[in-house]
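Please open the model in a viewer and follow the selections below in order.

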Amino acid sequence: MLVIAATDSSGGAGLTRDVRVLTDLSVDALCAVTAVTAQSDSRVAAVYHIPPEVIRAQILAACEARRVGAIKIGMLGTRATVEAVVQSLPPSAAVPIVLDPVLVSSSGGVLLDAEGRAAMLERLFPRVTIVTPNVPEAAALLNEKPATGEDALIRQGQRLLALGPQVVLLKGGHSEGEEAVDLLVTGHGIVHRIVSARVRATSRGTGCALASAIAAGLASGAPMLAACQQAKRYVMDMLRGAR
Ligand code: PLP
């Protein structure tokens, strides 16, 4: 499986987390680094964006080296990086692509600038199999207020779906309530609810871990709903300290 993402020097999120998840799930990780970030848990101290030609070269070489069963895309940072990734992806539909639309770190650092965000929506959304926003990300991507309630969230999911991905997974971890409900909005007007008890703990890198675990499931041939359910169980274990 290929991970296209940025490093996090604190080890909590990004590529560092992704590789750990794939190791736990016994899936080989190929990687293309989009940026090097200097972070602690409380701040993003510096970001170095890898030159687009080096990103393209990494993706092409990874696809040459091994069969890629799925691709996970995390932090992109800039428009130039989004373009480099779009230009290097294998032909549509050949490989499932999971996009975690990383916008800001939980410490508040901007991880995708405004031009990059526009490019991600225009150029990358139509190419991906699944996009995995949380509630604040879904709202930010649509320039709307965060949805309150499941119906409003589903409507946002449908608006994101109209931008091109095959399915949208809306992560309910930032909502209130005793249950954590993720909503898988599909192109056939079907919405699956993926429900678990709410774990009160928080951790860095839960979004990265979920997207990587979904991609690992898809790479192993799991159908989309099963891959999302298994990935959620993985993240719940991680929050409970069992991973
Ligand atoms: N840093 C990098 C490099 C990331 O890729 C991501 C998320 O994907 C984050 C930070 C954000 O993680 P957190 O919300 O745990 O800060």
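Which residues in H3 are buried? This is a predicted model, in which local features need pLDDT of at least 70 and side-chain atom pairs count only at pLDDT 80 or more, whereas totals for chains, interfaces and linings use all residues. Residues are numbered from 1 along each chain as its sequence is written, and side-chain values use heavy atoms, with hydrogens and water left out.

**First selection: H3**

Select Thr81, Val82, Glu83, Ala84, Val85, Val86 and Ser88, which are the buried residues of H3. Buried means under 20% relative accessible area, computed with a 1.4 Å probe on protein chains only. Helices (H or I, at least four residues) and strands (E, at least two) are DSSP runs, numbered from the N terminus. Because seven of the ten residues of H3 are buried, this helix is largely enclosed by the rest of the structure. Next, display what covers these residues, including strand E1 (2–8), strand E2 (30–39), helix H2 (52–65), strand E4 (71–73) and H4.

Now centre on Thr81, in helix H3 (residues 79–88). Its relative accessible area is 1%. Thr81 touches Thr34, Ile55 and Leu76, residues up to four places away in sequence not being counted; contact means heavy atoms within 4.5 Å. The side chains of Thr81 and Thr78 are joined by a polar contact of 3.1 Å. Such a contact is a pair of N or O atoms within 3.5 Å; within protein, one must be able to donate a hydrogen and the other to accept it, and residues adjacent in sequence count only if both atoms are side-chain atoms.

Axes are lines fitted to C-alpha atoms, for helices over the stretch in contact, and angles run from 0 to 180 degrees between N-to-C directions. On the H3 side, show Arg79, Val82, Glu83, Val85 and Val86; they meet Glu115, Gly116, Ala118, Ala119, Met120, Arg123 and Leu124 in H4.

Move to the loop between strand E5 (97–99) and H4, where Asp100 lies. Asp100 is buried, with a relative accessible area of 4%. Leaving aside neighbours within four places in sequence, Asp100 is in contact with Lys72, Ile73, Gly74, Thr132, Glu137, Lys171, Gly207, Cys208 and Ala211.

Finish with helix H7 (residues 206–219) and helix H8 (residues 224–239), whose axes come within 8 Å and cross at roughly 140°.

Conventions
Buried < 20%, exposed > 50% of the residue type's maximum accessible area, 1.4 Å probe, protein only.
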